Amino acid sequence: MDLFNPLVIFLIIAGLYMAWNIGANDLANAMGTSVGSGALSIKQVIIVAGFFEFAGAVFFGKKVTSTIAKGIVPIDSISLIDNHLVAVGMLAAILAAGFWITLATFYNLPVSTTHSIVGAVLGFGLIAAYNGIIGLSDIHWEVLLKIVSSWLISPVLGAILAYVIFSLIRYFILQKTDDPYKIENKFVSLQIATACYIAFAHGSNDVANAVGPLYASLNALDLVGLSIPVWIMVLGGLGMVFGLATWGYRVIETIGTKITELTPTRGFSAEFATASVVVLHSYISLPISTTHTLVGSVIGVGLAGGLAAVDLSVIGKIALSWIVTVPVAALTSALMFIGLMGVGI
Amino acid sequence: MKKEYIRSVLSIFASSPFKPLCMHANKGGDCVRKLSEAVHAFCEGDMEKVNLLNAEIDVIEHEADVIKQTIRGELSSSIMLPVHATDLLNFLKPQDSISDDAQEASYWLTLRRFDASPEIRAGFRELMARTLATVEHYEKLVDTLSELLESSFSKRDVEDTLALVMEVEEMEHQVDVIEKELMRTVFRSEDVLGGVGVFHLSRLVMNIGSIADKAEHAADRLRTMILRR
């Protein structure tokens with residue numbers, strides 16, 4: 001089988017679609033705070049994000065990618081039996097996650113691409129176990145448990161870190177000045193740095209959602225080796241930057257004009273905390289939601305008394321999206337797999 | 001809102017009640033400024049102008065009510081503020097009474113022509129001027145909220161704001177003194193004014209004086225809101 005096989009082309013297109021979605025919405029959310037506080041213009045944000053998202057994906061994205069690809073479902077043991085199954089299963093997973101994300105985005109629900117792809121990959125694992133290809137206990141439940149608990153921990157960690165950072169800024173800088181507006185001006189340049197940092201962090205963690213399943217299938221089909229080739233990461237990075245440039249700028253515009261409360265000191269605290277938490281998770285190979293971590297960080301700044309008004313009802317919506325996304329993505333993925341096998345792909 | 005292809009965390013940012021709070025305080029100030037014009041017109045016997053200003057005050061008071069309702073409507077239980085929401089609402093209430101009381105006083109002006117001694121006339125002008133000064137000082141106080149939020153309640157800014165609260169309280173005390181003096185003068189002039197005249201003017205004195213009371217009350221609640229954070 002070569003790279004120009006229809007199945008492979010399908011996989012690449014599906015992966016790019018996923019990457020486009022991530023760039024258009026999740027990356028835009030992460031970057032929108034810099035525009036909201038006036039640190040960067042939309043054009044500048046797209047250039048900064050394009051560069052650093054790409055760098056994060058290409059140089060720091062492999063760990064999470066291999067978790068998505070092989071950490072949850074024992075892809076290698078399945079491909080020993082039938083490598084075609086893996087390719088079809090992973091295609092089903094990307095399609096299912098992409099479908100759920102598209103639906104959720106149309107209804108403006110705060111669903112995470114990370115949760116969707118993890119659920120979808122799990123769905124493939126479950127149908128493989130159901131068909132007796134692997135045992136149910138062969139699924140790496142302990143990894144899944146780690147991933148799911150990191151989803152709970154990461155927003156909390158973001159909140160704590162943002163709380164601490166903003167409290168320090170408040171205690172050492174804001175409370176000692178006569179003119180807080182001057183301080184805000186100084187933080188504008190610092191916030192340009194955190195904008196780069198958050199783009200890098202996002203690229204390093206979220207690229208996996210697009211290219212994890214793609215890599216798993218290409219590896220199973222023996223088209224790529226054991227180490228993830230750079231071109232796959234480049235593909236994911238390009239897809240995300242493309243999403244940002246073709247649609248994300250509109251999301252940023254919408255967010256940026258409405259988040260005027262997030263002044264540079266607040267924006268800096270929230271972004272620095274979010275980026276640090278995300279990079280930490282990329283380092284320990286755990287896929288998390290950047291957007292949900294950002295929500296935690298914003299709440300942290302609010303708890304430290306930095307924001308005029310924070311609406312906590314978002315927490316409920318996010319919690320609900322967690323509970324719904326994983327089972328729905330898993331089920332859709334399993335059904336897609338049966339469907340794809342049924343039509344003889 | 002039109003459905004867009006967007007997933008965002010935008011809804012975490014609720015609209016700040018503090019900007020509308022300042023706007024609301026300014027509406028109260030606008031009412032009292034108009035009332036001051038009306039009192040001057042009243043003292044000069046220009047009832048046409050008094051009626052005109054009364055209509056304008058009605059409009060501004062209504063605008064203040066709308067802002068108040070918006071603030072209350074947006075403060076659902078899931079909103080987290082840097083101050084207690086109940087304290088904020090407790091402070092909004094007396095602030096809203098500033099425009100209410102100005103409207104009431106303005107209405108009383110329209111009911112009867114002014115016909116009294118130059119002494120009482122001067123008394124009214126002074127009472128009004130002091131009341132207006134108190135309310136305008138109060139507006140300045142509310143204005144400091146934005147700086148307080150900006151510096152996240154720095155010690156220095158809190159002290160500045162608390163100093164303004166004390167000043168408003170002191171100014172209100174001076175209004176009280178003038179109010180009592182003027183009331184006495186009005187009752188002493190019963191022979192000239194007649195019973196209805198005394199009743200009308202005494203109600204006016206009370207109404208104007210209560211505006212400063214409300215500003216002081218609101219300033220006091222604002223202090224509670226800042227200190228109990």
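Analyst: Helices (H or I, at least four residues) and strands (E, at least two) are DSSP runs, numbered from the N terminus. Residues are numbered from 1 along each chain as its sequence is written, while chains are lettered from A and ligands numbered from 1 in the order in which they are written. The model is predicted: local features need pLDDT of at least 70, side-chain atom pairs count only at pLDDT 80 or more, and totals for chains, interfaces and linings use all residues.

User: Which elements make up the secondary structure of chain A?

Analyst: Chain A has 12 helices and one strand. Their order from the N terminus is α-α-α-α-α-α-α-α-α-α-α-β-α. Chain B has six helices and one strand, in the order α-α-β-α-α-α-α.

User: How do I read the length of a helix? What does α6(A) reach from its first C-alpha to its last?

Analyst: The expected span of a helix is 1.5 Å times one less than its number of residues. Helix α6 of chain A, residues 113–130, has 18 residues and reaches 25 Å, close to the 26 Å expected. Helix α10 of chain A, residues 264–283, has 20 residues that should span 28 Å, and its end C-alpha atoms are 28 Å apart, which agrees.

User: Are these helices covered or open? How many residues of α6(A) are buried?

Analyst: A residue is buried if 20 or more other C-beta atoms lie within 10 Å of its own, exposed if 12 or fewer, and partly exposed in between, with C-beta atoms placed from the backbone. In α6(A), 15 of the 18 residues are buried, so this helix is largely enclosed by the rest of the structure. α10(A) is mostly covered, with 17 of its 20 residues buried.

User: Is N131(A) buried or exposed?

Analyst: N131(A) counts as exposed because it has 12 C-beta neighbours inside 10 Å. N131(A) and K317(A) are 186 residues apart in sequence, and their C-alpha atoms are 35 Å apart in space. For a residue of chain B, take A129(B), which is in helix α4. A129(B) has 15 other C-beta atoms within 10 Å, so it is partly exposed. From A129(B) to V32(B) the separation is 97 residues along the chain and 10.0 Å between C-alpha atoms.

User: How do I judge the overall form? What radius of gyration does chain A have?

Analyst: The radius of gyration is taken over C-alpha atoms, and the globule rule is 2.2 Å times the number of residues to the power 0.38. For 345 residues a compact globule would have a value near 20 Å, and chain A has 20 Å, which agrees. The C-alpha trace of chain A spans about 70 × 35 × 35 Å along its principal axes, and that of chain B about 75 × 40 × 20 Å. Buried residues are 61% of the 345 in chain A and 46% of the 229 in chain B.

User: Which residues touch the most other members of the largest nonpolar core?

Analyst: A nonpolar core is a set of buried Ala, Val, Leu, Ile, Met, Phe, Trp, Tyr and Cys residues joined through C-beta atoms within 7 Å. The largest has 190 residues, and M31(A), A93(A), A97(A) and V121(A) touch the most other members. Helix α8 of chain A, residues 180–220, gives the most to this core, with 17 residues.

User: Which residues is A93(A) in contact with, leaving aside its neighbours within four places in sequence?

Analyst: Two residues are in contact if their C-beta atoms, placed from the backbone, lie within 7 Å. Beyond those neighbours, the contacts of A93(A) include I117(A), V121(A), F124(A), P213(A) and S333(A).

User: How many residues of chain B are in contact with chain A?

Analyst: 28 residues of chain B are in contact with 35 residues of chain A. β1 (79–80) and α4 (118–150) of chain B are the elements that give two or more residues to chain B's side. α4(B) gives the most, with three residues.

User: How are strands said to pair, and what joins β1 of chain A to β1(B)?

Analyst: Two strands pair if DSSP finds at least two bridges between them. Strand β1 of chain A, residues 310–311, and β1(B) run antiparallel and are joined by two bridges. D311(A) has I79(B) as its bridge partner in β1(B).
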